[in-house]
Amino acid sequence: EVAMNLSTSLRSRWPLLAPLATTLVIALLPTPAGLPPHAWYFFAIFLGCVVGLILEPLPGAVIGLVGVTLVALLSRWVLFSPEQLANDGFNAANQAFAWAVSGFTNATVWLIFGAFMFALGYEKTGLGRRISLWLVHAMGKRTLTLGYAVMIADGILAPFTPSNTARSAGTIYPVIRNLPPLYDSHPNDPSMKRMGSFLMWTAIAATCVTSSMFLTALAPNLLAIALTESATGIHISWGQWFVAVVPVGVLLLLLVPLLCYWLCAPEVKAGDEISDWAKGELQNLGPLTRHEIVLVIMVVTALLLWIFAGDRVSASLVGLAVICGMLLTGMVSWNDILDNRAAWNTFVWFATLVALAGGLSQVGFVGWFGNLVGGQISHFDPLVAMVALVVIFYVLHYFFASITAHVTALLPVMLAAASGIAGLDMQLFILLLLPTLGFMGILTPYGTGPSPVYYGSGYLPSALYWRLGAIFGLLFLVAWLAIGLPWLLLIQ
């Protein structure tokens with residue numbers, strides 16, 4: 001019994017012990033040739049944090065905070081070289097603290113926070129639900145057009161909702177889950193094929209496309225931009241991202257409902273019940289409120305500034321201006337902002353991850369690793385190497401239950417590998433690599449935030465989900481490489 005209790009205790013504690021064990025094991029291994037010891041120790045702590053983000057024994061923000069605090073406390077052995085410490089004018093204590101909190105001054109981290117507040121405005125005013133219901137009422141008489149209504153609703157909300165969980169699982173799903181029963185289509189029942197399976201798969205597939213189409217439609221997109229800038233110095237603006245993805249994004253959005261209609265065919269093709277239900281819900285909501293009208297104006301203004309005025313006004317500052325506008329008009333209260341745990345959690349989480357990833361470059365690990373990997377694949381044609389790295393990055397998402405963990409673990413490696421290949425255009429590579437983050441969410445029932453919600457709806461059994469995930473995942477990747485890469489080469 002004692003042995004059994006000990007075994008149970010170890011099994012329950014191993015997710016917490018694994019990051020610590022990883023850090024210690026890596027740190028005790030001999031330092032690779034050409035790499036300073038302090039850089040190797042930093043990498044050991046970083047890798048321990050990555051393991052923690054994958055296993056999640058604690059919230060991601062806690063893991064990131066512990067990571068930067070540990071590095072700062074051990075900065076004399078982990079963050080700074082002997083040459084830096086030997087400099088009489090170098091204040092290690094102040095520099096360590098400045099590094100630990102550097103992520104909180106990162107513009108992209110503030111843009112993430114601002115976009116979360118946009119989503120709060122959609123929720124508090126009811127505008128997000130109204131848009132969804134209006135589209136269902138207007139396009140719900142035929143099942144195929146209903147699929148397009150779901151896609152359009154997600155697309156309208158996407159540029160201002162960095163949590164696709166909030167957008168799709170929190171706004172779209174509560175509306176569409178009411179629709180299948182109107183046609184006697186029920187979860188965990190053969191009748192799910194009548195309507196439910198088609199609707200649920202259309203919703204998750206559409207949100208994966210919109211998550212790639214807009215920089216601010218997926219929080220890890222913004223994290224990836226921040227990590228990339230800290231590692232390479234290359235900044236990608238909201239407009240650059242949108243221009244890079246828009247041809248493939250629009251094509252896939254147009255195709256997704258139709259492909260779902262073919263590959264997950266609904267038995268019910270048309271009917272008035274859904275449209276009539278949405279009409280009744282809209283009547284209950286009443287006319288547009290003043291807050292909804294003001295929010296529309298602010299959202300459209302912010303979008304125009306992000307697209308056309310990125311060189312004149314910071315996208316993050318636009319986000320802060322909208323937050324101030326929502327507060328001054330009473331659309332949201334300060335308590336609403338304080339109570340938005342998801343926004344504050346993401347803010348701390350990503351700020352600490354940005355600091356940790358930036359530290360990899362600061363201590364010289366990224367440059368060393370890039371030269372090492374680049375030497376192994378230097379004989380590759382730069383374009384071939386670029387495509388190969390993107391495919392590897394994409395397929396490896398099968399092993400991650402979080403796009404954030406995927407970005408944190410693999411993006412520095414991919415950037416380092418690419419930087420070591422002679423003749424490779426880093427900006428082109430970044431624009432080819434990062435937009436795959438949204439697309440890859442379709443691969444598995446745990447691939448992105450809303451995936452477990454749709455998987456757990458009862459309308460998408462395991463075999464169907466994995467099969468459709470593989471088909472759509474391959475389609476998204478092929479479309480991105482076959483159309484997106486030539487487009488990027490054209491606009492470079």
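Asp184 is partly exposed, because its relative accessible area is 47%. You can find Asp184 in the loop between α10 and α11 of this predicted model.

Asn188 is not a glycine either, yet its phi is positive, at about 50 degrees. With a relative accessible area of 69%, Asn188 is exposed, because the cut-off for that word is over 50%.

Helix α10 covers residues 164–176 and helix α11 covers residues 196–213, and their axes come within 11 Å.

Sorted by class, the contact has five nonpolar residues, five polar ones and one charged one.

Is Thr210 buried or exposed? Its relative accessibility is 0%, and anything under 20% counts as buried, so Thr210 is buried. The side chain of Thr210 makes a polar contact of 3.3 Å with the side chain of Arg167. The side chain of Thr210 also reaches the backbone oxygen of Thr207, at 3.1 Å. If you set aside neighbours within four places in sequence, Thr210 is in contact with Asp154, Gly155, Ala158, Arg167, Ala217 and Leu253.

Helix α13 spans residues 238–263 and helix α25 spans residues 462–491; their axes come within 9 Å and cross at roughly 155 degrees. With that angle, α13 and α25 are therefore roughly antiparallel to each other. The crossing of α13 and α25 is right-handed. In α13, the residues that meet α25 include Val243, Val248, Leu252, Val256 and Leu263. In α25, the residues that meet α13 include Leu468, Phe472, Phe476, Trp480, Trp487 and Ile491. What classes of residue make up the contact of α13 with α25? By class there are 22 nonpolar residues, one polar residue and no charged residues.

A third pair gives you another arrangement to look at. Helix α12 (residues 219–232) and helix α18 (residues 341–362) have axes that come within 8 Å and cross at roughly 30 degrees. An angle under 35 degrees counts as roughly parallel, so α12 and α18 are roughly parallel to each other. The crossing of α12 and α18 is right-handed. From α12, the contact is made by Ala219, Pro220, Leu223, Ala226, Leu227, Ser230 and Ala231, and from α18 by Phe350, Leu353, Val354, Ala357, Gly358 and Ser361. The class tally for the contact of α12 with α18 is ten nonpolar, three polar and no charged residues.

Let us finish with two single residues. Val318 lies in helix α16, which covers residues 315–328. At 4% relative accessibility, Val318 counts as buried. Not counting residues up to four places away in sequence, Val318 touches Ala302, Leu305, Trp306 and Val313. Val318 and Thr301 are 17 residues apart in sequence, and their C-alpha atoms are 9.2 Å apart in space.

The other residue is Leu73, which belongs to helix α3 (residues 60–73). Is Leu73 buried or exposed? At 64% relative accessibility, Leu73 counts as exposed. How far apart are Leu73 and Ala100 in sequence and in space? Along the chain they are 27 residues apart, while from C-alpha to C-alpha they are 9.7 Å apart.

Definitions and conventions. Residues numbered from 1 in each chain as written. Predicted model: local features only at pLDDT ≥ 70, side-chain atom pairs only at ≥ 80, totals over all residues. Heavy atoms only, no water. Axes fitted to C-alpha atoms, helices over the stretch in contact; angles between N-to-C directions. Helix = DSSP H or I, 4+ residues; strand = E, 2+ residues; numbered from the N terminus. Parallel < 35°, antiparallel > 145°, perpendicular 65-115°, else oblique. Left-handed = near helix turned anticlockwise from the far one by under 90°. Contact = heavy atoms within 4.5 Å. Nonpolar A, V, L, I, M, F, W, Y, C, P; charged D, E, K, R; others polar. Buried < 20%, exposed > 50% of the residue type's maximum accessible area, 1.4 Å probe, protein only. Polar contact = N/O pair within 3.5 Å; in protein donor to acceptor, adjacent residues only side chain to side chain.
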